[in-house]
Amino acid sequence: MSGPSFHLKLKQTQQLNQAMRQSLQILHMSGIELEREVDEWLQDNPLLERSEPTESFAEQPRLSAAVANSRQINGDEAEDVWATIAEEEDFPTYLHKQVCEHPLSDAEAARVHILIDFLDEQGYLSESLSEIIDHTPLEWMLDEDDMQQALDALQLFDPPGVAAANLSESLFLQLQRLPSSPERLCAAKIVHSHMNDLGRSMQQNTVRLKKYFPEYDNRTIEAALQLISGLNPYPAYGFAGSEPTSYVEPDVWVKPDENGQWTVVSNEAAWPQIKLNEELSDALAEAETVDEAWKEKIQEARQKIDSLALRKSTVLRLAEYIVERQEDFFVFGEIGLTPMLLKDAAQALDISESTVSRAVNHKYLACPRGLFALRYFFTQAVSTDENQEGTSQSAVKAILGQLVQAENKQKPYSDEALCQLLKQQGIDISRRTVAKYRDALDIPPAHLRKA
């Protein structure tokens, strides 16, 4: 019996140090996430402080809330003006205020307040009453029957459909508040049993539902469908959220220079500006002995500043690559998009594909055509011509939309006809792909487009 044998094997692996891992994490963050992260840095490390952003010639004009010089408002009058601006009311607050408007005892009102706090962002009560009771303190001694009464009371609040368990129940509650009619009864039956059978086409839905409800004529079914379409699928829709509204700030501006060439300029307002606290760092440099904790703080501060600089440099380089490759988009719009993959950008910029993926995550580009996510410009080719040059999916959809818009409404193009028209423009795709893109553009089939 032979004894155990040992073998040596050399293997080369790549290890990411802490600084590189932090840089990749920072690169992946959105602008809002990064701002929160930097706030935490400033609170944790006294060697870091904010610096004023440098002004950029590409800075866009901003709307001002200042009053015109011809009518200055000062002092107490100014305070009165600001006092008239109503604070946005969120959905739970709106409901809590209604409790006192209903004939409820103190105990019933308290249970309704509890249910309001368990509603989700859409205004649904997605948890069961037993689950809610399990998530409340035992000393409250909540009873499921009492909570059901509280739920029945809450479902009478405005807006209609609040505190439903799901979409169907919410729509059903809304229908109950409408005047009685054959259309309402038909709509209630559809909502109760056949919501999953509905498609985009009114005509197809009517034909399909006629099989389930032969007692109703087509006109009543169509009226019922119109009734359903006018309901609110999300009771909380239109109310302010509990969190402040987040607005997208472009990371870069793209605009033509004096020679008509498209240039990329950093939007400095979108990049957190931090620097070393010179007074404190100079004091540490002059000290004879420095505690190890302070040395770590200095190294940590420099790493964070470097990670921000690397993030900015990578995003700017990627934006410049996009502008170079997609120049026709900025001139002609979506129809000018050319196929471009993440691996192409990675090869051109000499970085990994995963780094490019992180760099396009929640980063935005502003240009005269609007605000676009960097990821928008990466699109695959759907066909190849004789010169091996593909056409991007976005461009094909744009051309398809133009063809439908310009068609004779008396004789709209079939999917096969659209397929042939695209082939005439060098785009060779199947009829099935044309139908898929048409559905994605929310364009109905030919027989439903006929005027």
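Visitor: Is His362 buried, partly exposed or exposed in this structure?

Guide: This is a predicted model, so keep in mind that we are reading a prediction. To place a residue, look at its relative accessible area: under 20% is buried, over 50% is exposed, and partly exposed is in between. His362 has 44%, so it is partly exposed.

Visitor: And where does His362 sit, and what is its phi?

Guide: His362 is in the loop between helix 16 (353-360) and strand 5 (364-367). Its phi is positive, about 55 degrees, although His362 is not a glycine.

Visitor: Is Ala163 buried or exposed?

Guide: Again, go by the cut-off: under 20% means buried. Ala163 has a relative accessible area of 2%, so it is buried.

Visitor: Where is there a cis peptide bond, and what is its omega?

Guide: Check Asp158 and Pro159: a cis peptide bond joins them, with omega about 0 degrees. Pro159 lies in the loop between helix 7 (144-154) and helix 8 (167-176), and Ala163 lies in the loop between those helices too.

Visitor: Now zoom out. How many helices and strands are there in the protein?

Guide: The protein has 20 helices and eight strands. Of its 451 residues, 35% count as buried.

Visitor: What about the accessible surface of the protein?

Guide: That comes to about 28900 Å², and 49% of it belongs to carbon and sulfur atoms.

Note on methods
Residues numbered from 1 in each chain as written. Predicted model: local features only at pLDDT ≥ 70, side-chain atom pairs only at ≥ 80, totals over all residues. Heavy atoms only, no water. Helix = DSSP H or I, 4+ residues; strand = E, 2+ residues; numbered from the N terminus. Buried < 20%, exposed > 50% of the residue type's maximum accessible area, 1.4 Å probe, protein only. Areas by Shrake-Rupley, 256 points an atom, 1.4 Å probe, with all protein chains shown as cover.
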